[in-house]
Amino acid sequence: MKRFILYLIRWQLSTPILAPVIAFFKHSPSLFGAREDWIGAIVANLIGGAIFFWVDRFIFTSYAVEVWNFKDKGICDNCGKEDSLWRLVKAPNYDKSDATPRFYCMACSKAKTDELRKKGLKIRGKSL
Ligand SMILES: [Zn+2]
């Protein structure tokens, strides 16, 4: 609930941009528009925030968002084999963007992602 409220507040940050733009395209005599332009922008941002909170939540926790790093050739940090290397950086409920990078060969990467899947993480994996 706290996140939802913060999200709605974040959407309201665009109100000072939206209201004058509406006023401009309505050929409002005032540069900053009428009171109704501001009320309309606030209401539109409340509606937009209420809808896109769920859309963004789906996007950022779905299989669609998975970030991998790839090295054409290097030494696997697990087995020492020289090969093409992979590193999973981000997946739903998994974020190693601040961690020390560990690159794995295909076999070690598959073993690692299988291990993470067993822990309940939603990892689609890479497709070549
Ligand atoms: Zn390896």
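Mentor: Start with pairing: two strands pair if DSSP finds at least two bridges between them. Keep in mind that this is a predicted model.

Trainee: What makes β1 and β2 a pair?

Mentor: Seven bridges join β1 to β2, residues 82-91. The cut-off is at least two, so they pair. The two strands run antiparallel.

Trainee: What is the strand order in the open sheet?

Mentor: The order is β1-β2-β3, with antiparallel pairing.

Trainee: Why are β1 and β3 called edge strands?

Mentor: β1 (67-75) and β3 (94-95) each pair on one side only.

Trainee: Which helix lies across β2 and β3?

Mentor: Helix α4, residues 106-118. Its angle to β2 is about 25°.

Trainee: Why is His 27 called exposed?

Mentor: Count the neighbours. His 27 has 6 other C-beta atoms within 10 Å. Exposed means 12 or fewer, so His 27 qualifies. His 27 sits in the loop between α2 (15-25) and α3 (35-61). Its phi is near 55°, a positive value in a residue other than glycine.

Trainee: What makes Asn 93 exposed?

Mentor: Asn 93 has 12 other C-beta atoms within 10 Å. The limit is 12 or fewer, so Asn 93 counts as exposed. Asn 93 lies in the loop between β2 and β3. Phi of Asn 93 is positive too, near 60°. Most residues other than glycine have a negative phi.

Trainee: Where does the domain assignment put the bounds?

Mentor: Domain 1 covers 2-61 and domain 2 covers 67-118. Their C-alpha centres lie 40 Å apart.

Key: Residues numbered from 1 in each chain as written. Predicted model: local features only at pLDDT ≥ 70, side-chain atom pairs only at ≥ 80, totals over all residues. Helix = DSSP H or I, 4+ residues; strand = E, 2+ residues; numbered from the N terminus. Contact = placed C-beta atoms within 7 Å. Axes fitted to C-alpha atoms, helices over the stretch in contact; angles between N-to-C directions. Domains from an automatic or database assignment. Buried ≥ 20, exposed ≤ 12 C-beta atoms within 10 Å, placed from the backbone.
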